Amino acid sequence: MTEPRTHTPADTFDYVVVGGGSAGCILAADLSKVGTVCLLEAGPHASQAPATLRADGYKDAFTDPRLMFERFAKKDARWGDRRVFVGTGRVLGGSGAVNAMVYTRGAAEDFDSWPEGWRWQDVQPAFDAVESTLRPRPRELTEWTERCIASAELAGMRRSRNLNDGDLSGVLGYEAMNYEGDARRSSYVGFLAPALEAQITAPEAKRTLQVETGALVDRVVVRGGRARGVAYFKGTTEHEVFARREVVLCGGALATPAILQRSGIGAASALQALGIDVVLDQPRVGANLHDHPNVQLFFRGKREVDCDYPQLYGFEHVGAGSESAPDTCFVFYPARSSFREGLLKLLPGIALPESLYDNPVFPAAIRKSIEVAFERDAVRSFVEKLWGVVVILGKPKSRGSVQITSRDPHAMPDVDPGWFADPADMDTVLAGVERARDIAGQAPLGFFGQKELLPGKRVKRRAALERWVRKNVMTTYHFAGSCAFGTQDDDVLDLDLRLRGIEGLRVADASAMPIAPVAALNAPTMMLAYRAAQRIAADA
């Protein structure tokens, strides 16, 4: 490990944006219109990861070890004492370059719990602006998807013609997806790539955007109560880059709090235990983490499912209470879309103890056996007929945390997703499982076959269902809230996303959300980043 480079004018920009994901691509592109910007991304350039640019490449991107952080949640009895994979995207475009392209705003009621200035009517213009660039759209209907909707209607739900109109009470419909033809339209494609192309033709003196990939950020450099820049690693060499105006963190809800903690911003006692000088005692950095955990019911079909994408989203209130605001999501999942790739990515971490998983020979052996199995016609035929209903807890009451255990930026932090810390969440998930069974058992889906394989019809009593949930729950990769904004003095961020107690430092990613919307978080994250860029530009 070498010493930081000597500071030169070439290392100084108006803005330093950390993280080239869904939020960072928008921030960097928009801020380059009002100043010079350096964007730091830990992963590779999108040009080196062509799967992130194809609409059907999401399953290949998900299995590419270069494109996701290898990160696991802490073991806990609440999820069967298992190691659960909680990786996030690591490439230009971030998680929005490796996900299934779902673009959902959330319910209007979701934003009632956000402070004034961030309510549904306030954020709609930013959603509109993002959508004018990305142009999300639903996919074409198929016979299977139409029978799913017909079954949901018989079970009492309504067909939605527009899942982004804010009305998500008891509806099922085709979600918008950010694709165009055969191409994915991530925030990299829609915002950053055009900005980079403009740099090529601009005179050198007017080039305002620089992107550094393979740049793992260690910490924010804070001097005199102000963020002055960022220290990062390329390989084993440490570098520094400086900001005249602001540093903006867009690393996501798991990486951003870890960067702040390594910067000396966090719970003082935890930082001191690691030998980190305390810059700001802020115990809420890394707290309030929440996620949308899910379980998947599977049904054996008798004919091939004619659908290649999980393109149906349902929303309903199934938990206790009389309110109608949705607390649960239902995704109708054709296994042919990504079941093989899910096994390749996740099964080694589930099947192997940590000591064997860390030896690449053993995960490789499991993945090879999966590939061999899928070469058999019988296995492929079975999967092509297999379908599922994913039950997602959309409004968890439980909260977890992110906490570093080392000063080393290469070491993953302890991630406690908090699932089922509040018993009410288990009640809601169990109610969601029964609701999914009800919908899946309706007559229209009988055409494709609807024999329940998981959890299985014999798993009926609450105790048995609860055991099954704990052993099978997984993340939906919707991490949020770990650096939440709010109106109180002890909230991490103010309503302009500035970090309280440090000048020149903002957070503009899903960690800033006080409460996650009942939706896939890619769209709300991009909305938040768009609004952040507007506010930063206005300040400039």
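Glu246, Asp494, Asp496, Arg498, Arg506, Arg535 and Asp539 are linked in a network of salt bridges. A salt bridge here is a side-chain nitrogen of Lys or Arg within 4 Å of a carboxyl oxygen of Asp or Glu. This is a predicted model, where local features need pLDDT of at least 70, side-chain atom pairs count only at pLDDT 80 or more, and totals for chains, interfaces and linings use all residues. Residues are numbered from 1 along each chain as its sequence is written, and side-chain values use heavy atoms, leaving out hydrogens and water.

**Salt bridges**

- Side chains of opposite charge can pair when their charged atoms come close.
- The count comes to 41 salt bridges by the rule above.
- Within the network, Asp496 pairs with Arg498. Their closest N and O atoms are 3.2 Å apart.
- Asp496 is partly exposed, at 25% relative accessible area. Buried means under 20%, exposed over 50%, and partly exposed in between (1.4 Å probe, protein chains only).
- Arg498 is partly exposed at 34%.
- Arg54 forms a salt bridge with Asp56, with closest N and O atoms 3.1 Å apart. Arg54 is partly exposed at 32%, and Asp56 is partly exposed at 38%.
- Asp438 and Arg435 meet in a salt bridge of 2.8 Å, N to O. Both lie in helix 12 (residues 423-440), three residues apart, about one turn of the helix. Helices (H or I, at least four residues) and strands (E, at least two) are DSSP runs, numbered from the N terminus.
- Asp438 is partly exposed at 33%, whereas Arg435 is buried at 13%.

**Aromatic rings**

- The structure holds 19 aromatic pairs. Rings of Phe, Tyr and Trp (its six-membered ring) pair if their centres lie within 6.5 Å; planes under 30 degrees apart count as stacked, over 60 as edge-to-face and the rest as tilted.
- The rings of Trp114 and Trp118 have centres 6.2 Å apart and planes at 55 degrees, so this pair is tilted.
- The rings of Trp114 and Phe485 have centres 5.6 Å apart and planes at 85 degrees, so this pair is edge-to-face.
- Trp114 is buried at 1%, Trp118 is buried at 1%, and Phe485 is buried at 2%.
- Ring pairs join Phe111, Trp114, Trp118, Trp120, Phe127 and Phe485 into a cluster.
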